[in-house]
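Work through the following exercises with the sequence and the 3D structure open beside you, and try each task before reading its solution.

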Amino acid sequence: MKIFLDTANLDSIRKYNDMGILDGITTNPTLLSKESGNPVDIMAEIVKIVKGPVSLEVVSTNTKGMLEEAHRLKKFGSNVVVKIPMIAEGLKAINILKKNNTSVNCTLIFSANQAVLAAKAGASFVSPFIGRLDDAGQVGMDLIREIVQIFKNYNFKTEVLVASVRHPLHVIEAGKIGAGIVTMPPDVLGKMIKHPLTDKGLASFLDDWKKVKKANPKLVI
Ligand code: E4P
């Protein structure tokens with residue numbers, strides 16, 4: 001399972017990148033709006049920090065504008081993935097970008113039909129938003145199950161990038177289904193690291209070691 005961080009926060013990206021657990025980054029205009037600083041500079045910096053794919057989203061809603069933005073975004077680095085919304089003009093843009101060997105992440109996917117069309121147009125990644133479906137009273141993980149099954153049935157090469165993840169259980173469920181990638185906010189990744197029994201166990205190991213040191217003050221590991 002590949003783990004992506006869903007953020008434009010440079011400190012979080014550096015923190016988890018240094019642990020060697022990040023396979024890529026996804027951003028969007030909302031995430032960029034939460035950061036101080038020039039969003040274009042932030043996107044360029046993220047591309048420099050992370051080796052894996054970095055999804056940067058267009059804001060045009062017509063094919064021509066999307067292609068112009070894609071052209072500029074790609075200049076940040078060879079690991080840039082252009083994020084295109086799942087609309088008719090977006091599918092046209094994906095088709096052209098695919099022919100130019102540009103990797104595309106088709107975003108705002110809320111149905112298996114949309115995922116199939118994005119894959120057929122040439123997207124390298126599709127991003128189904130499971131948390132937003134859960135919020136709307138529909139089980140988001142059911143959509144992941146459907147897309148993974150259909151892509152498997154037809155041997156589609158497009159990767160399923162589980163997005164709008166809200167908690168660690170989403171990550172486990174996505175992994176059990178066999179989705180290739182899960183992108184998550186930093187707080188969810190932080191929660192995946194922690195377990196109260198780990199903290200408790202470590203505290204007791206350290207306490208016991210203090211006793212050993214007391215008996216052997218010169219002892220060094
Ligand atoms: C994915 O690429 C999106 O950036 C993201 O997962 C959206 O999540 P949200 O529903 O928490 O905004």
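**Exercise 1: the second largest pocket**

H2, helix H3 (39-49) and helix H4 (63-74) each supply at least two residues of the lining of the second largest pocket. The model is predicted, so local features need pLDDT of at least 70 and side-chain atom pairs count only at pLDDT 80 or more, while totals for chains, interfaces and linings use all residues. Residues are numbered from 1 along each chain as its sequence is written, and side-chain values use heavy atoms, with hydrogens and water left out.

Task: find which helix gives the most to the lining of the second largest pocket.

Solution. Begin with the lining, whose members include Asn28, Glu69, Arg72 and Leu73. H4 gives the most to this lining, with three residues. Sorted by class, the lining has eight nonpolar, one polar and three charged residues.

**Exercise 2: threonine 102**

Task: decide whether threonine 102 is buried or exposed, and find which side chain makes a polar contact with its side chain.

Solution. First locate threonine 102 in the loop between helix H5 (88-99) and strand S5 (104-109). Next take its relative accessibility, which is 6%, so threonine 102 counts as buried (buried means under 20% relative accessible area, exposed over 50%, with a 1.4 Å probe and protein chains only). Finally, the side chain of threonine 102 makes a polar contact with the side chain of lysine 74 at 2.8 Å, where a polar contact is a pair of N or O atoms within 3.5 Å, one able to donate a hydrogen and the other to accept it.

Note on methods: Helix = DSSP H or I, 4+ residues; strand = E, 2+ residues; numbered from the N terminus. 1 Å grid on protein atoms, 1.4 Å probe; cavity = no way out; pocket = protein on both sides within 12 Å on 5 of 7 lines; lining within 4 Å. Nonpolar A, V, L, I, M, F, W, Y, C, P; charged D, E, K, R; others polar.
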